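Subject: Structure handover

Hello,

Please find the structure below, followed by notes on what was found in it.

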Amino acid sequence: MKIKIIRVGDNGLIDGEIIDSRKTKIPLPSITDGWRFNFKKHSKNKDTETYVLIIDGKNRIEGCLVFEMRDKVEPYMAYIEIAPHNKGDQKEFDRVAGCLIAYASKLSFIYGKGYYLGWLAFDVKEETEEAMLKLMTVYSEKYRAQRFAETTIMLIAPEDGEWLINEYLNVK
């Protein structure tokens, strides 16, 4: 799927693409590449699909997503991460996480069954509660995710998923 991300240096819109990792020969990132998760390993889990976001014409992964169908009915964002060069004050590109979360929301409409249609669940797990709450706040404020009770689970409702799709995937 074609998408647009922002080059932070000049706020320019850059063409990119979210593609199934099986359709690219770019090696999936891992901890040894400076990423937090080992996508090569996690992409082999049962009932998962792995997607990468790349800029047109480049062979560098800007962000990665592992999408899972739990019990074959529940859409679940198992892992998501933006590339180390897209984090912090010196990041190269913005909107990478938003595009990947919006794409996971889109998949929840395609693969979700029954009550789960359009709902996207994911867990936020950090080493400290303070870090977890900080990350949950980011997901809530930027991507409209809601914490489920007092758990580490966050949910994106179908109407908020539609908003994400329009905000991040339908940019011309």
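Methionine 1 is partly exposed, at a relative accessible area of 28% (buried is under 20%, exposed over 50%, partly exposed in between, with a 1.4 Å probe and protein chains only). The model is predicted, so local features need pLDDT of at least 70 and side-chain atom pairs count only at pLDDT 80 or more, while totals for chains, interfaces and linings use all residues. Residues are numbered from 1 along each chain as its sequence is written, and side-chain values use heavy atoms, with hydrogens and water left out.

Methionine 1 sits in the segment before strand E1 (2–7); helices (H or I, at least four residues) and strands (E, at least two) are DSSP runs numbered from the N terminus. Its C-alpha is separated by 6.5 Å from that of isoleucine 19, 18 residues apart along the chain. Apart from neighbours within four places in sequence, methionine 1 is in contact with Gly16, Glu17, Ile18, Tyr103, Lys106 and Leu169 (contact means heavy atoms within 4.5 Å).

As for the helices, the axes of H2 (residues 96–111) and H4 (residues 158–169) come within 8 Å and cross at roughly 130°. Axes are lines fitted to C-alpha atoms, for helices over the stretch in contact, and angles run from 0 to 180 degrees between N-to-C directions. H2 and H4 are therefore oblique to each other (under 35 degrees is roughly parallel, over 145 roughly antiparallel, 65 to 115 roughly perpendicular, the rest oblique). Residues making this contact include Tyr103 and Lys106 of H2 and Leu169 of H4. Within H2, the buried residues include Tyr103, Ala104 and Ser105.

Regards
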